[in-house]
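Subject: Structure handover

Hello,

Here is the structure I promised you. Please open it alongside this note; my findings follow below.

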Amino acid sequence: MPDQWWRDAVVYQVYLRSFADGNGDGIGDLTGLRARLQYLAGLGIDAIWVNPWYPSPMVDGGYDVTDYRAIDPVFGTLAEAETLIQEAHRHGLRVLADIVPNHTSDRHPWFQAALAGGPGSLPRQRYIFRPGRGDDGHLPPNDWRSVFGSPAWTRVTEPDGHPGEWYLHLFSAEQPDLNWDHPEIRAEFESILRFWFDRGVDGFRIDVAHGLVKAPDLPDLGIDNEDILAPPDRPGHPHWDRDGVHEIYRGWRAVADAYPEPRVFVAEAWVESSGRLARYLQPGELHAAFAFDLLRAPWRAPWLRSAIEESLAAVASVGAPATWVLSNHDVVRHVSRYGRPQPDRPLQSLAEMLAEAPTDIDLGQRRARAAALLMLALPGSAYLYQGEELGLWEVEDLPEELLQDPVWERSGHRERGRDGARVPLPWSGDTPPFGFSPSTATAPPWLPQPEAWKRFTAAAQRGDPESMLELYRAALRIRRRHPALGDRTLRWLDAPPDMLAFARDPGFLCLVNLSTQPVPVPAGARVLLASSPLTAGRALPADAAAWLAWSAKPDEAA
Ligand code: GLC
Ligand code: CA
């Protein structure tokens, strides 16, 4: 069997615009990424996932694509992407790209042809156009809401100058949804996959994998609120997680499996349960899917444990690996999520994550250190979001006039959106741009960096054993070598309700203390790594985690 590297890979998410700027225009690019491959290899990861790099008007950070077979000039060229892929491979890193199949940009030639073609024309069939309701069709065809706020329909002006049909967009109006009942769409995306596989891409993260298929009659939903994090609230939802998506992914899997070296897919699918998620991972479908329940869980032992247990059980039922993630470019960074009072239920919305209480960054970082050891000790694969290895927090006070996320406008300025998780990384130095751009830069970083990040640059943390960066490096080093870590299973050990304790065989224990008191570490266990120093009495402090080597009977540990 070929090496199933994705089953326990640690994948680092590169949000390209904010990773490293090579040419000094204030926007991250491929040149910047290439220059930092050594850093990534030194971190100890196995692969990178690069957010969309295609030509785009950037209304939604590149998730509005005009050409799926090219690179946006702001990021570089196709030739440079090919060079990046080869260089990453030479560093031992695999490369995942990001495919956006639910919608295109409204500037995509297909959508331009649909607008020009008029009602009933063949190009319109590639999207979801409908006449409006009400007198003269002035009301949207149904009550669906955009994930970013406001109705999910926009009315077009027809070529004759009159107001005409409406088109569906589950995200911004500049992101019209494709009609996946159209055979040409299916063929086109399989061809796009081959285009990148032929250039050495090792796999794809699939954007909005649960959204492609809509109920044919587009029935009303009867509710007026959707959030990017809210899983569908009902069976048979008319546009999320419909059974018809699975046939599409069986086709994609066949495309991937035609290559001698494994090519893999990881789904972004916000679905109602781990059981529904496992359906994407059935044999002959996708390789992996993010277990967002862990990301949505509050920093409380019962919620974390049930998210882990349910996800492990669900993936085991289909023979797939679990895929853990604590942060990404769509959610509030977990330092800021954990650095405030924790609710007693899963998080439902982005706005809710930044509730009234201000972030206690020290507390958030302490918990984030423990969370990293928890996640990296779990069976399966893990995704890191750029900057979490530096302990970065959500930038909550970006000036309003600089906000770029379409959520800000579409919510009528009620939700600030996701820019606070997308601020360019601090690499070195004492003042912005902190090495993000070269010293010859002609523009500041596209979002301003907090002054306080001078203590959190990669250079400042390098070699400091107490830093977040060195914690991640140590954890990844141990994870790579320890025979118990990576794929397979865990055994929960008896522990008080506000502790998590599990064993990985052979000889490995992970303890996480979510109580407010120090908890003694079992005598006879050797500390491999701890997220905070143990107390003088060899106890694990509150909000800390430890990795232990354990040779006695593991059940005696707790
Ligand atoms: C996914 C992406 C997000 C984007 C949306 C629309 O959720 O992660 O950033 O806005 O899809 O493409
Ligand atoms: Ca640049």
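A polar contact here is a pair of N or O atoms within 3.5 Å. Keep that cut-off in mind for the ligand. Also note that this is a predicted model.

**Ligand 1**

Asp330 meets the cut-off: an N or O atom of its side chain is 2.4 Å from an oxygen atom of ligand 1. His103 has a side-chain N or O atom 2.9 Å from an oxygen of the ligand. For Arg418, the side-chain distance to a ligand oxygen is 2.9 Å. In total, 15 residues surround ligand 1. Asp60, Arg205, Asp207, Glu268 and Asp330 are the closest.

**Helices α5 and α6**

Helix α5 covers residues 183-197, and helix α6 covers residues 245-257. Their axes lie 10 Å apart, at an angle of about 30°. The two helices are therefore roughly parallel, since angles under 35 degrees count as such. The crossing of α5 past α6 is right-handed. On the α5 side, Arg186, Phe189, Glu190, Leu193, Arg194 and Phe197 make the contact. From α6 come Glu247, Ile248, Gly251, Trp252, Val255 and Ala256. By class, that contact has seven nonpolar, one polar and four charged residues.

**Helices α12 and α15**

Helix α12 (residues 361-377) and helix α15 (residues 468-481) cross at roughly 10°. Their axes come within 10 Å. That angle makes α12 roughly parallel to α15. Gln365, Ala368, Arg369, Ala372, Leu373, Met375 and Leu376 of α12 meet Met468, Leu471, Tyr472, Ala475, Leu476 and Arg479 of α15. This contact divides into ten nonpolar, one polar and two charged residues.

Best wishes

How values were computed: Residues numbered from 1 in each chain as written. Chains lettered and ligands numbered in written order. Predicted model: local features only at pLDDT ≥ 70, side-chain atom pairs only at ≥ 80, totals over all residues. Heavy atoms only, no water. Axes fitted to C-alpha atoms, helices over the stretch in contact; angles between N-to-C directions. Helix = DSSP H or I, 4+ residues; strand = E, 2+ residues; numbered from the N terminus. Parallel < 35°, antiparallel > 145°, perpendicular 65-115°, else oblique. Left-handed = near helix turned anticlockwise from the far one by under 90°. Contact = heavy atoms within 4.5 Å. Nonpolar A, V, L, I, M, F, W, Y, C, P; charged D, E, K, R; others polar. Near = heavy atom within 4 Å. Polar contact = N/O pair within 3.5 Å; in protein donor to acceptor, adjacent residues only side chain to side chain.
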